[in-house]
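Thanks for coming, everyone. Let me put the structure up, and we'll walk through it piece by piece.

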Amino acid sequence: MLAVEINDTGLLLARTGADGVPVVAGEESPGFALLHEGRVHVGAEAARRHRVAPLHAQNRFWQALGLDPLPWSTRGFATTADLAHAHLAAVLEPGVRAGDRELLLAVPSGYTREQLGLLVGIASECGVVVRGLVDAGLAAASTVAPSPCMLHLDLQLHQAAATLLETSRADGMLRRTRYELLPGAGQLAFRQAVAATIATTFVRETRFDPLHQAATEQRLHDLLPAWLQALASADETAAEIEFGATAYHIDLSRAQVVDAVEALTAEVLRLVQSTRPPGALMHLCFSPRIAAIPGLVARLTSLRDCVMVELAPGAAATGALQSAAAIVRSADAITLVHRLPVAGAAVADDTARPPAAVPAEAIPTHVLFNGRAWPISATPLTLGWSVGAGVRALTLPAGIAGVSRSHCTLECRDGQSVVSDHSTYGTFVNDERVGGHVALKVGDVLRLGAPGVALELIRVLPDHGAS
């Protein structure tokens, strides 16, 4: 049996090996198509030319899968679906040639019922029989140890996708509960931001602008993945682009690249924060595409109560094959699978895991609001716009949107500075919603309500009277 992970950053084929173990078969095939000299090229060949001939290139035919007409046409190609068919047929060709005719499709979140039906029809025209559809995030997460709360994070070409999953200890099922998409924060946006920084560095250091000509712009983007891979294990790498008889060199640093993608990284961080449930320990399962962005995993590691889990390449495709028995349907009953069994694997009891303690030197002693530092002590400090009498209170101005009368409480508890939420619209620490209570650290930003008001947690050193 075959399985294909449908992700326009690179479709990936997996097959069941002779020993029954799913294996990835071949390289990723990026979701590009290009009309060149009357012929349509797809995958890596199209990606290597798309900046040279942008008017004849397409890279949204998977995201916007449909029957919309192309801006250009040639024999056999009139709609985006025709490009998807050509691309999928090329990816499937090795498996079909080997005699495998049954196919599972791991599909990204966001496809409509009509698009799923069209996808099944396209695949059927490639000489295979579609036996089932499964959510790609669900299939990928099913390849690792289950946890009560899991979130799958991936990049597509034009957007980031976060899929929230929950494992039930009662029935041993892993379920997709919701997903969120972040348009404009896909792999292309990250690479474009890095490319712009690299081009600026070339201009500043060599007077050569690789973005001035289409051929050198294409060359820059062709070399970019190798440079990023080098920076994954080194602080600096040499970058070289040839133009004519001259080779231009710069030293590219990891810090430059991290700075270049900082705004996009912050957006992805907010995507995860808005998708995860408050107060739960979460296993964040991220794809190799996420890991390939310098600095992104480091930022994600800063999330509270979060266990980082890096997935293997093609995890959605191999996961689909591992769970084939729960995905396969008859031809007239194919539907997108949103839950998979995790029987035989122990579900981690994350509810029993205590939150990580904040080191003593990082425990805040005060909360700063409007230039005044309010001490955090064993006596609870209640924040709100109308706190009752007889309570130690930090009274906020009335009329702030999203702030409750008695919104939250700060106190020292078990050697930690803790915030407890009592509000309607939520209390947030570094844009993560508090569920119950959270231990605070120096530098945290406490936001009450939405949009609400922000306060900063600080540590005031004691004055020993030294002169």
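Is H152 buried or exposed? Keep in mind as we look that this is a predicted model. H152 counts as buried, because its relative accessibility is 7%, and the cut-off for buried is under 20%. Its place is in strand β11, residues 149-155. What does H152 touch, leaving out residues up to four places away in sequence? The list is G137, A140, A161, A162, T163, L165, C285 and L311.

Next, salt bridges. Opposite charges on side chains can pair when the charged atoms come close. The count here is 17 salt bridges. I'll take three of them.

Start with E5 and R289. Their side chains meet in a salt bridge at 2.7 Å, N to O. E5 sits in strand β1, residues 2-5, and R289 in helix α9, residues 288-291, so this pair ties together parts that are 284 residues apart in sequence. Both ends are out of the way of solvent by our cut-off: E5 is buried at 5% relative accessible area, and R289 is buried at 9%.

The second pair is D100 and R15. This salt bridge is also given as 2.7 Å, N to O. D100 lies in the loop between α2 (80-97) and β9 (102-107), while R15 lies in strand β2, residues 12-16, so the pair links parts that are 85 residues apart in sequence. D100 counts as buried, at 17% relative accessibility. R15 is partly exposed, at 25%.

R49 counts as partly exposed, at 29% relative accessibility. E45 is partly exposed too, at 28%. Some salt bridges share partners, and these join E5, E28, D154 and R289 into one network.

Now a helix. Look at α6, residues 214-231.

Which residues of α6 are buried? They are T216, E217, Q218, L220, H221, L223, L224, W227, L228 and L231. Here is a general point to hold against that list. An α-helix has 3.6 residues a turn, so residues three or four places apart point the same way. And what do the buried residues of α6 pack against? Their partners are α1 (44-47), α5 (187-206), β14 (236-243), β15 (246-253) and α7 (254-260).

R207 is in the loop between α5 and α6. Its phi is positive, about 70 degrees, although R207 is not a glycine. R207 is exposed, with a relative accessible area of 79%.

Strand β26, residues 427-429, is joined to β27 by 2 bridges, and the two run antiparallel. F428 has R433 in β27 as its bridge partner. In the loop between β26 and β27 lies D431. D431 has a positive phi of about 70 degrees, and is not a glycine. D431 is partly exposed, with a relative accessible area of 37%.

P451 sits in the loop between β29 (445-448) and β30 (453-458).

Last stop: β22, β24 and β25. Strand β22, residues 381-384, pairs with β24, residues 408-413, in the antiparallel sense over 3 bridges. L381 has L410 in β24 as its bridge partner. β24 is also joined to β25, residues 416-421, by 6 bridges, again antiparallel. R413 has Q416 in β25 as its bridge partner. Together β24 and β25 form a hairpin with 2 residues between them. D414 in the turn has a positive phi of about 55 degrees.

Definitions and conventions
Residues are numbered from 1 along each chain as its sequence is written. This is a predicted model: local features need pLDDT of at least 70, side-chain atom pairs count only at pLDDT 80 or more; totals for chains, interfaces and linings use all residues. Side-chain values use heavy atoms; hydrogens and water are left out. Two strands pair if DSSP finds at least two bridges between them. Helices (H or I, at least four residues) and strands (E, at least two) are DSSP runs, numbered from the N terminus. The expected span of a helix is 1.5 Å times one less than its number of residues. Buried means under 20% relative accessible area, exposed over 50%, partly exposed in between (1.4 Å probe, protein chains only). Contact means heavy atoms within 4.5 Å. A salt bridge is a side-chain nitrogen of Lys or Arg within 4 Å of a carboxyl oxygen of Asp or Glu.
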